[in-house]
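This report covers strands, aromatic rings and charged side chains, in that order. Please keep the model open while reading.

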Amino acid sequence: MSIVESSTKARVGASARRRFRIVLIKPSHYDDDGYVIRWFRSTMPSNSLASVYGLIMDAIDRKVLGDDVEFDVTAIDETNTRVRIPQIIRDFQREGTAGFVGLVGVQSNQYPRALDIARPLRAAGIQTIIGGFHISGLLSMFPKELMPDLQEALDMGISLFAGEAEGRMDQVLLDTNTKSLKPIYNFMNE
């Protein structure tokens, strides 16, 4: 299974009734002319994407959301795969589909692209969370004030995740399941 773009269906229980979709995206960034940088093959897979994917799969194996859930998890590394936003929106609009899109390991040069991916998802009502070095760095360097680019994300209804995800993914899944994502998950001091 390739982490570049993989889809895993984890059926939990013989009679799964609820569908829970998770799309993890490692965004690319723009070149000087405003085009998304994408390669035929990337030289190095995203460790952040692989780590979060593994944490999600562990939570699924432990049945964090119960026995009546059918999970559909997709991981996309935009450095070598096109992110098809209209298709993601259609998948989430199927009746009975809950879940979220996570923009993973977002660095500062990738943050504008992450917002551009998240904007139409939020407009379609899809729960979206951004985590990575940019979020963590700004919240740790400026703990008393929220930088304008982070405020822009919050104004769109995007949740922000700062710090390590190990031991914390269950809470994100539980909050997403009840449509109660917190605006900011800040674990920088722990």
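## Strand 6 and its neighbours

Strand 5 (residues 128-131) pairs with strand 6 in the parallel sense, over three bridges. This is a predicted model. Within the pairing, Ile-130 has Leu-160 of strand 6 as its bridge partner.

Strand 6 also pairs with strand 7, again in the parallel sense and over three bridges. Here Ala-162 stands opposite Asn-186 of strand 7. A helix belongs to this arrangement too: strand 6, helix 6 (residues 169-177) and strand 7 form a β-α-β unit, and the unit is left-handed.

## Two faces of strand 6

In a regular strand, side chains alternate between the two faces of the sheet. Which residues of strand 6 point which way? Ser-159 and Phe-161 point one way, while Leu-160 and Ala-162 point the other way. All four residues are buried.

For Phe-161 the relative accessible area is 8%. That value is under the 20% cut-off, so Phe-161 counts as buried.

## Aromatic pairs

There are three aromatic pairs in the structure. In one of them, the ring centres of Phe-161 and Phe-187 lie 5.4 Å apart. Their planes meet at 50°, so the pair is tilted. Stacked would need an angle under 30 degrees, and edge-to-face one over 60.

The pair links distant parts of the chain, 26 residues apart. Phe-161 sits in strand 6 (residues 159-162). Phe-187 lies in the segment after strand 7 (184-186). Is Phe-187 buried or exposed? Its relative accessibility is 17%, so Phe-187 counts as buried. Ring pairs also bring in Tyr-185: together with Phe-161 and Phe-187, Tyr-185 makes up a cluster.

## Salt bridges

Side chains of opposite charge can pair when their charged atoms come close. How many salt bridges does the count come to? The count is twelve.

One of them joins Arg-62 and Asp-58, with the closest N and O atoms 2.9 Å apart. Both partners are partly exposed: Arg-62 has a relative accessibility of 44%, and Asp-58 has one of 36%. Another salt bridge joins Asp-67 and Lys-63, with 3.6 Å between the closest N and O atoms. Lys-63 is partly exposed, at a relative accessible area of 43%.

Asp-116 and Arg-119 form a salt bridge with an N to O distance of 2.7 Å. Asp-116 is partly exposed, with a relative accessible area of 31%. Arg-119 is partly exposed as well, at 32% relative accessibility.

Elsewhere, salt bridges share partners. They join Arg-19, Arg-21, Asp-72, Asp-91 and Arg-94 into one network.

## Thr-74 and Arg-21

The contact runs between the two side chains and spans 3.1 Å. Thr-74 belongs to strand 3 (residues 69-77). Its relative accessible area is 8%, so Thr-74 is buried.

Technical notes. Residues are numbered from 1 along each chain as its sequence is written. This is a predicted model: local features need pLDDT of at least 70, side-chain atom pairs count only at pLDDT 80 or more; totals for chains, interfaces and linings use all residues. Side-chain values use heavy atoms; hydrogens and water are left out. Rings of Phe, Tyr and Trp (its six-membered ring) pair if their centres lie within 6.5 Å; planes under 30 degrees apart count as stacked, over 60 as edge-to-face and the rest as tilted. Buried means under 20% relative accessible area, exposed over 50%, partly exposed in between (1.4 Å probe, protein chains only). Two strands pair if DSSP finds at least two bridges between them. A crossover is right-handed if, with the strands pointing away from the viewer, the path from the first strand over the helix to the second runs clockwise. A polar contact is a pair of N or O atoms within 3.5 Å; within protein, one must be able to donate a hydrogen and the other to accept it, and residues adjacent in sequence count only if both atoms are side-chain atoms. A salt bridge is a side-chain nitrogen of Lys or Arg within 4 Å of a carboxyl oxygen of Asp or Glu.
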